[in-house]
Amino acid sequence: MKKVLVALVIGLSLSGSAFAQENPYSSQLDQISKNSQDIKTLQSNQASLYLKIEDLLVKYGELKGRIDDLARKIESIQTNSGVSPEIKEQLNKLQAEVNALKQQTSPQASQSSQESIAKSAAVSPEESDFKKAKALFDAKEYNQAIKAFTAFQATYKNSKLNDQALYYIADSYYNLKIYDKAIINFDQIVNTYPKSQLVKKAMLKEGLSFINLGDKIDGRFLLEKVIKLYPNSPEAKQAKVYLDKTK
């Protein structure tokens, strides 16, 4: 009887260990934990921004009061008959500048600034990291862009932006003329994200990468595939041009 109990305990222990090791939800739980941390960071940023808004509103009130006081003094001097024409002209210019300042500190301008700050606060860490990586790509810092987008994919494994991240990685390699790695990444877009709007672009660039490596057979095959699958697209028109060049 003792042997049976020992065997049962060992079996339960092993099965529990196996379950812990093969927990199919571990990646999802990790992502949930990461998302919770991102939300806390975003909330903290929003609180800080709203405090800044309150401070700006106080300063806005003080500035508006000073501008109104200055405008009254200018108006009082202008009505004085003893003021020379030259001084009146300078006062008119100063009045115009004061009026411009009033427009800049109007409630509408203040509301526009608040809306702009609120929009900045609404940007998630995920979107912020993507924009930073995209800025490197736009600046033609392709090696840095590859690192940034690769890090983005590792951090946000379930992001809806991952097809774009992968495309920019592939296109960075293409612009660096590292065509073999460009082919691998363009092909991954086609196979991993078949419903992405970037598939036709990836297929076109993959074909051009093959051609740039001297493989006209595979390159022309992909260009013809673009024309067949997306006949009315800009990529199909480009494919036709390249096919004519590689006859």
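Analyst: Of the 247 residues of the chain, 28% count as buried. Please keep in mind that this is a predicted model. The chain holds 11 helices and zero strands, and its pattern along the sequence reads α-α-α-α-α-α-α-α-α-α-α.

User: Which residues of the largest nonpolar core touch the most other members?

Analyst: The core has 38 residues, and Phe149, Tyr167, Phe186 and Leu223 touch the most other members. The elements giving two or more residues to this core are α5 (125-138), α6 (142-155), α7 (162-175), α8 (179-192), α9, α10 (216-229) and α11. The greatest contribution comes from α7, with eight residues.

User: What does Phe149 contact, leaving aside its neighbours within four places in sequence?

Analyst: Phe149 is in contact with Phe130, Ala133, Lys134 and Phe137, and also with Ala165, Tyr168 and Ile169.

User: How should I read the packing of two helices?

Analyst: Two packed helices are described by the angle between their axes and the distance between those axes. Take α7 and α9, which pack at an angle of about 25° with their axes 11 Å apart. Angles under 35 degrees count as roughly parallel, and α7 and α9 are therefore roughly parallel to each other. The crossing in which α7 passes α9 is left-handed.

User: Which residues make the contact between α7 and α9?

Analyst: From α7 come Tyr167, Asp171 and Tyr174, and from α9 come Lys201, Ala202, Lys205, Leu208, Ser209 and Asn212. The residues of this contact of α7 with α9 divide into four nonpolar, two polar and three charged.

User: Is Ser209 buried or exposed?

Analyst: Ser209, which lies in helix α9, is buried, with a relative accessible area of 0%. Not counting residues up to four places away in sequence, Ser209 touches Tyr174, Tyr179, Ala182, Ile183 and Phe186.

User: At what angle do the axes of helix α9 and helix α11 cross?

Analyst: The axes of helix α9 (residues 199-212) and helix α11 (residues 234-245) cross at roughly 15° and come within 10 Å. That angle makes α9 roughly parallel to α11. Here, α9 passes α11 in a left-handed crossing. On the α9 side, Lys200, Lys201, Leu204 and Leu208 meet Glu235, Gln238, Ala239 and Tyr242 in α11. The contact of α9 with α11 consists of four nonpolar, one polar and three charged residues.

User: Is Asn185 buried or exposed?

Analyst: A relative accessible area under 20% counts as buried. Asn185 has a value of 12% and is therefore buried. Asn185 has its place in helix α8. Apart from neighbours within four places in sequence, Asn185 is in contact with Leu166, Ile169, Ala170 and Tyr173.

User: What is the relative accessible area of Lys225?

Analyst: Lys225 has a relative accessible area of 34% and is partly exposed. Lys225 is found in helix α10. Lys225 and Met203 are 22 residues apart in sequence and 8.2 Å apart in space, C-alpha to C-alpha.

User: How should I read the backbone angle phi?

Analyst: Most residues other than glycine have a negative phi. Lys140 has a positive phi of about 65° although it is not a glycine. Lys177 is another residue other than glycine with a positive value, near 65°.

User: Where do Lys140 and Lys177 lie?

Analyst: Lys140 lies in the loop between α5 and α6, and Lys177 is found in the loop between α7 and α8. Lys140 is exposed, with a relative accessible area of 62%. Lys177 also counts as exposed, at 61% relative accessibility.

Terms used:
Residues are numbered from 1 along each chain as its sequence is written. This is a predicted model: local features need pLDDT of at least 70, side-chain atom pairs count only at pLDDT 80 or more; totals for chains, interfaces and linings use all residues. Side-chain values use heavy atoms; hydrogens and water are left out. Axes are lines fitted to C-alpha atoms, for helices over the stretch in contact, and angles run from 0 to 180 degrees between N-to-C directions. Helices (H or I, at least four residues) and strands (E, at least two) are DSSP runs, numbered from the N terminus. Angles under 35 degrees count as roughly parallel, over 145 as roughly antiparallel, 65 to 115 as roughly perpendicular and the rest as oblique. A crossing is left-handed if the near helix is turned anticlockwise from the far one by less than a right angle, and right-handed if clockwise. Contact means heavy atoms within 4.5 Å. Ala, Val, Leu, Ile, Met, Phe, Trp, Tyr, Cys and Pro count as nonpolar, Asp, Glu, Lys and Arg as charged, and the others, Gly among them, as polar. A nonpolar core is a set of buried Ala, Val, Leu, Ile, Met, Phe, Trp, Tyr and Cys residues joined through side-chain atoms within 4.5 Å. Buried means under 20% relative accessible area, exposed over 50%, partly exposed in between (1.4 Å probe, protein chains only).
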